[in-house]
Structures are given as C-alpha cells and as structure tokens.
There are 2 protein chains.
Amino acid sequence: MTRTGRGGKMGWRALRSELQARLASGHWGAGGRLPSETELAAEFGVSRATMNRALGALAEDGLIDRRRRAGSRVLPAPRRAARFAIPVVRDEIAATGAAYGYALIAREAGPAPDWLRARMGLGAGAQVLHILCLHSAGSVPFQLEERWISLEALPEAAGEAFRDRGPTEWLIATVPYSEVEMSFLAEGADRAWAGLLGMEAGEPVFTAERTTWWQGRAITHVRLRYRRGYRMTTRY
Amino acid sequence: MTRTGRGGKMGWRALRSELQARLASGHWGAGGRLPSETELAAEFGVSRATMNRALGALAEDGLIDRRRRAGSRVLPAPRRAARFAIPVVRDEIAATGAAYGYALIAREAGPAPDWLRARMGLGAGAQVLHILCLHSAGSVPFQLEERWISLEALPEAAGEAFRDRGPTEWLIATVPYSEVEMSFLAEGADRAWAGLLGMEAGEPVFTAERTTWWQGRAITHVRLRYRRGYRMTTRY
DNA sequence: CAGTGGTCTAGACCACCGG
DNA sequence: CGGTGGTCTAGACCACTGT
C-alpha cells in the first residue's frame, strides 16, 4: 500500500491523489463503480470520514459521481471546469511590474437605456450613473472600463467623483459580497472608444461583462475591454 | 440564533451561509479578525469539526484567510474566481436543441511548426497529426476545431480517421485524465478559415486554446474558434 | 427496505508560526 | 512557547434511492 511520509497514515489529500491515479489507470473502467466508502476505508486503513473527504474532493473535481444507495461511479467524460481568477486590475497591472495608472474619462447620471434595464431588471425611468475610465500599465492602455451603477440601489454612488480611484475599487469597499454573472466574449472595437485603447475601429477586443446583484437587486453592470493581445489563462 | 429547519442544529452549509451573511454585513470589518474556531463553534452550538468545515469552505471561496496561530481574517477584497464549465461541444449544441453535426475538413501528419514545438515542448523534427474539423448546430457552423496531436506521445492517433467522431471525443476516451492549460482570447478571423464559420476575414472571433499534458508530456494542443456572437457565461 | 453516501460529534494529536 | 488551524478517528444517526 502506498503511503505518504515515513510510514504514517495517509491524509485525505494523499488519498485523493492515490485514487485519482487509480482512476487515470482505468482501474475501475469508464463508467464503472467504485467500492463503497467503507470498503475503501478498510483497504487503505483509514477511517470512513477520511475516505469520505477524499471521495468528496474527487466528486467536486468532477471525476466521479456519488449518489446515496447507488454508490460512486467513474464519470465517462470528466466534467471539466476551469477556474479563472478575476484579479483587481490594479493588482493585475502591478504583477507585470508596470506602474498602475487610472484616468476618469466620463461620468454622468441619466436614465438607463432599454438594454440595460432589461439586463439589470430596472423599472422604467430608472436612473443610473454611467462611468467610463481607463486603467493603464505605465503609459500603455490596459483596460477600458465602462460601468453603470443603479442610483436606486446605490444612491451613495452619486456622491463619488471616481477621479482618483476606479469604481470597481469603490464598489468592492462598499458592497463587498455579492452575486455575479460574468461573460467573456469577442467584439469589434467601436469607433467611439477604440482610440482610448490604442486600437483601430473593428479590431478584435477581448471583453468581459459582469452584472452584480446584492440582496437580490442588480447593483451594477460593467464592460471591461482589454488591450490588444490580452489572454485569460488558467491551469487545471 | 438563526437556525435551519425546525429547530434542528445547523449543518456546515447553513453555517457557511450564516457566516457569509455576517461577513457581508461588515460584522467583523474589512481585514478584521474572526473569533477562533472554538469560540464560533460554541456560539453556534456545533462541534469544532463542523465549524472547521464551514470556515474551510469560506476560505476556499476566497472570502477569508486562515492561518495557524494567526486566526481567520476577513479578506479586504475577496479573491474571486469564476468557474467556467467546459462542456463537450456535442453536449453544448444538444443543449440548444439543435442537431449536432460533425465534419472533418483536413487531416495530415507532418513535422510540428516551431511555435507548436515551443508550446508543447517537443524536440526538433517531432511529428504531429494536424486536424481541422467543424462542429455545427443544425446547418449552422458552431465551432471550428484545429488540433495538433503529438504522434510521439500518442502514436495510436495515426490509426484514427476522425471521420465520424471529433478528435476531442476520441481523446477523452483514450486519455481520460490529464493536466490542462487553457486560455481565452479574441482574434481576427483569418482568411484561411473565416468562411468555414460563415464569417468575413478580420471579424472578431472568440477563441479558446488548450494544451493538454499526460504524465508530464504534452499530448495535444487545440484551438477552438466559436461562431459569431458566442459568449462564455457563468454565475457565482 | 436495505445499502449507500452525507453529516455531526467529542476527543485527540500535530504543525505551524506570531509574539 | 502557546494558541490557532488542520486533520484523523470511532461511532452514530439520517436521507436518499435503487432493487
């Protein structure tokens, strides 16, 4: 029996690795059934709680499917999920070694356009604060942020100038925990803002859209357009 | 004290929600320190193991930072991570209700180009199988797949025609568990393949790139180019 | 309805690291 | 050094669901 350390019992992380290797080797076949928790626990000489933890981790990783009474089965095609860290742009730029720059370009209150009312579930005539600003790495444009904040849900935004600090950072401090829907897409740079990113109109742009709810109400919607050549990368 | 159910003790999921709500309300302040596991367990009337599980979940979600001796601290800016499910394209199309269509466009073995050898860590003169194929939703192009498979690492690929089944599905069946690096980006449609997706050259395309390793060796690299208007969306 | 996973408990030991 | 989190154990009860 494989063990970690010098003869000690296996921890649940080691167990997970061991079981994962066994899955990869096809030990139980695709779609096959694993022994019960109790049996596996006995085989590896650990308590059922520990084995449960290890198997639970494998299920979270999408490698097996666990159901009461039915047992644990090997998923034929592992349900893959990629985790992308969504860093604050200030940190993302700092990580490249460049100096973070922020510039407010526009800021005005007004009625929400129809598409935004639909997306955020706002009533007719709802007022929003519309902000456009640029985050730079040194003197190079890095990300163009276009944001709408519901003044109904967050009236204190009206008192913020957003001159020295981006709305994202202000929101993080004001509404720390929230529900989020996020999309990634490719779009053509619009004549209206292509120049701000140092791009030609029509050039492909990597864009992230995010709508944020707090206590069931939509607070803000943002479009983040990234500099030419930007990639969002992860390993798993 | 808030409880779930009719007077029963709280489970660790309920505990997590409760603590998350308390975090959201600013109960411990940003950067503040939470009581110890033992204290919290006593306050909620659960065992320390259960409280540990709940706090561990909050740490995994990036809401708090836990360190021995130092205790649990509220993270000032929650380290957010979005999880994107990466479905098999056949399922993704089936989910829209359309019929899945597959067509092999090209398939040829040859030496790996330099950029690919660099990306996959292949030696000089390494042979790869280069495959181009199209996945359609009904009669509409959905995703163009361009893939390279290392014939050194996976010689059995040479015997596969990929005429009825895409290489992704064959790979899943052949190399079920692997390490992956994935990127999302925006690029302009190339003259060489824009037509296959029903697009004009230069039109913005949402592209996913993925390199897959198995037992420390790069197996395959793929570029997935999506139809116009594609979005990758998640909630968290 | 019986076998499986899901969870809780009380106690224990240990690793880590801040003061 | 001592308090904190990390983990394991043995036992227990329960929820779910396939047969």
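**Entry 1: strand D, atom by atom**

I began at B:Glu37, where a backbone N or O atom lies 3.0 Å from a phosphate oxygen of DNA strand D. This is a predicted model, so I read every distance here as computed. Next I checked the arginines of chain B. B:Arg66 puts a polar side-chain atom 2.7 Å from a phosphate oxygen of DNA strand D. For B:Arg68 I got 2.9 Å, from a polar side-chain atom to a sugar or linking oxygen of DNA strand D.

How many residues surround DNA strand D? I noted 26, and the closest are A:Gly11, A:Trp12, A:Thr50, B:Arg48 and B:Arg66.

By element, α1 and α3 of chain A each supply at least two residues of the surface near DNA strand D, and so do α3 (48–60), β1 (64–67) and β2 (71–74) of chain B. α3(A) has the largest share, with three residues. I sorted that surface by class and wrote down 13 charged, eight polar and five nonpolar residues.

**Entry 2: over to strand C**

Which residues come nearest to DNA strand C? Out of 24 around it, they are A:Arg48, A:Arg69, B:Gly11, B:Trp12 and B:Thr50. I put 64% against sugar or phosphate for the atoms of DNA strand C within 4 Å of the protein; the rest belong to bases.

Then the single contacts. A:Arg68 has a polar side-chain atom 2.9 Å from a sugar or linking oxygen of DNA strand C. The side chain of B:Arg13 has an N or O atom 2.9 Å from a phosphate oxygen of DNA strand C. I came back to B:Arg68, which I had already logged at a sugar or linking oxygen of DNA strand D: a polar side-chain atom of B:Arg68 also lies 3.1 Å from a base nitrogen of DNA strand C.

The elements giving two or more residues to the surface near DNA strand C are α3, β1 (64–67) and β2 (71–74) of chain A, plus α1 (12–24) and α3 of chain B. Here α3(B) holds the largest share, three residues. My class tally for the surface near DNA strand C reads 12 charged, eight polar and four nonpolar.

**Entry 3: chain A against chain B**

I turned to the protein–protein contact, which takes 46 residues from chain A and 46 residues from chain B. About 4300 Å² is buried between the two chains, and carbon and sulfur atoms give 51% of that. I found 12 residue pairs in polar contact across the interface of chain A and chain B.

On the chain A side, α1 (12–24), α3 (48–60), β3 (81–85), β7 (179–188), β8 (204–214) and β10 (231–235) each supply at least two residues to the face touching chain B. β7(A) gives the most, 10 residues. That face of chain A divides into 28 nonpolar, 12 charged and six polar residues.

**Entry 4: β7(A) and its partner**

What does β7(A) pair with in chain B? I traced it to strand β10 (residues 231–235), antiparallel, over five bridges. A:Glu181 stands opposite B:Arg235 of β10(B). The side chains of A:Glu181 and B:Arg235 also meet in a salt bridge, 2.9 Å from N to O. I counted four salt bridges between chain A and chain B.

Conventions:
Residues numbered from 1 in each chain as written. Chains lettered and ligands numbered in written order. Predicted model: local features only at pLDDT ≥ 70, side-chain atom pairs only at ≥ 80, totals over all residues. Heavy atoms only, no water. Contact = heavy atoms within 4.5 Å. Buried area = accessible area lost by both parts, 1.4 Å probe. Polar contact = N/O pair within 3.5 Å; in protein donor to acceptor, adjacent residues only side chain to side chain. Helix = DSSP H or I, 4+ residues; strand = E, 2+ residues; numbered from the N terminus. Nonpolar A, V, L, I, M, F, W, Y, C, P; charged D, E, K, R; others polar. Pairing = 2+ DSSP bridges. Near = heavy atom within 4 Å.
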